[in-house]
Amino acid sequence: MLSLGADEDVLGAAGGDLLVGAAEGDDAAVLRLDDERALVLTTDFFTPIVDDARDWGRIAAANALSDVYAMGGRPLLALNLTAWPGSTLPLEVLAEVLRGGASVAASAGCLVVGGHTIDDPEPKYGMAVVGLAAPSRVLTISAARPGDTLVLTKAIGTGVIATAHKRGAAPEDVTGFSLLGHLHRMLRASGVSAVVGASAVPLLPGAAELTEAGHVSGGTRNNISYLEPWTSIDAGIAEPVAVLLQDAQTSGGLLLSTPSPDALRRELQRRGVLAAVVGYVTAGSPGRIEVRRGM
């Protein structure tokens, strides 16, 4: 974690037409252009998490674009960000990565208009994305209120499975914050607490078994260490499940806080999206999370 001190100006706090800045710790920055339009700006990239080059490109692009959607916007333009070991990996492999990213951007109606590549011994790929949103409909992490229901749109466990895959231990059917990490940020920004029901959180097939076998990344261990003062986890919860709740996810789902869970679930299910109710927001110490076996 990088601390720049207490100077809000250095951190890029929101103010004036800057609706969301760096200080807010949200998925993207938001700059109001006028009463009807706001720019949404974000960037994300990471090292390979799968063997297939095109799939890696698709995952990385989806991960970057999803930050715009998470703010209530739609992506317009993207720039590729690439670090590539040109002396050891053929450029044809890089071309496949870029094709994968371009295919996802195209399906989102987002134009890929260039980018930048540097020579690096470790390959990395992602995108810088510009989107558009209505200022009055921007979604932020600071809007959770006591009584809201927490809804998750994807099963968790990608970090553990990716780590196991790199070690050759993951089945064939198969960097970031964890579910509890993202929730903690939301709660701190909103000045509230939450209860999470561990049994209600969907896990990817095989994730618990791989966790029990020790395939836990350094990022997940860092999450566990950071979150320890903020979380209380019921002693009856199996250790692999407790770890997975803090698993460092890449391209994870949306975590939504809503006062209207039934309407949200119906709309998500209509679109074929998972809508798992995993907890609820409470009044209490900002950022505090109580994890129970059930809700």
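I looked up what covers the buried residues of H5 and found, among others, strand S7 (149–152), strand S8 (193–197), helix H7 (218–227), strand S9 (231–233), strand S10 (255–258) and strand S12 (289–292). Covering is read from contact, meaning heavy atoms within 4.5 Å. Helices (H or I, at least four residues) and strands (E, at least two) are DSSP runs, numbered from the N terminus.

The model is predicted: local features need pLDDT of at least 70 and side-chain atom pairs count only at pLDDT 80 or more, while totals for chains, interfaces and linings use all residues. Residues are numbered from 1 along each chain as its sequence is written, and side-chain values use heavy atoms, with hydrogens and water left out.

**Helix H5**

I checked the span of H5 (residues 179–190): its twelve residues reach 17 Å from first C-alpha to last, close to the expected 16 Å. The expected span is 1.5 Å times one less than the number of residues. I listed the buried residues of H5 as Leu179, Leu180, Gly181, Leu183, His184, Met186, Leu187 and Ser190. Buried means under 20% relative accessible area, exposed over 50%, partly exposed in between (1.4 Å probe, protein chains only). After H5 comes Gly191, with a positive phi near 75 degrees.

**The sheet**

I traced an open sheet of six strands, ordered S1-S2-S3-S6-S4-S5, with mixed pairing. Two strands pair if DSSP finds at least two bridges between them. At the edges are strand S1 (18–20) and strand S5 (111–119), each pairing on one side only. From one strand to the next the twist averages 20 degrees.

I then went through the pairs. Strand S2 (residues 29–32) and strand S3 (residues 38–46) are antiparallel over four bridges; they form a hairpin with five residues between them. Ala29 has Leu41 in S3 as its bridge partner. S3 and S6 run antiparallel, joined by nine bridges, and Phe46 stands opposite Tyr125 in S6. Strand S4 (residues 74–84) runs parallel to S5 over seven bridges, with Leu77 opposite Leu111 in S5. Helix H3 (residues 91–107) packs on the sheet, touching S4, S5 and strand S6 (124–133), and its direction makes about 165 degrees with that of S4. Axes are lines fitted to C-alpha atoms, for helices over the stretch in contact, and angles run from 0 to 180 degrees between N-to-C directions.

**Leu76**

I looked up Leu76 in strand S4. Leu76 is partly exposed, at 26% relative accessible area. Leaving aside neighbours within four places in sequence, Leu76 contacts Gly109, Cys110, Leu111, Val130, Gly131 and Leu132. The C-alpha atoms of Leu76 and Gly109 are 7.0 Å apart, with the two residues 33 apart along the chain.
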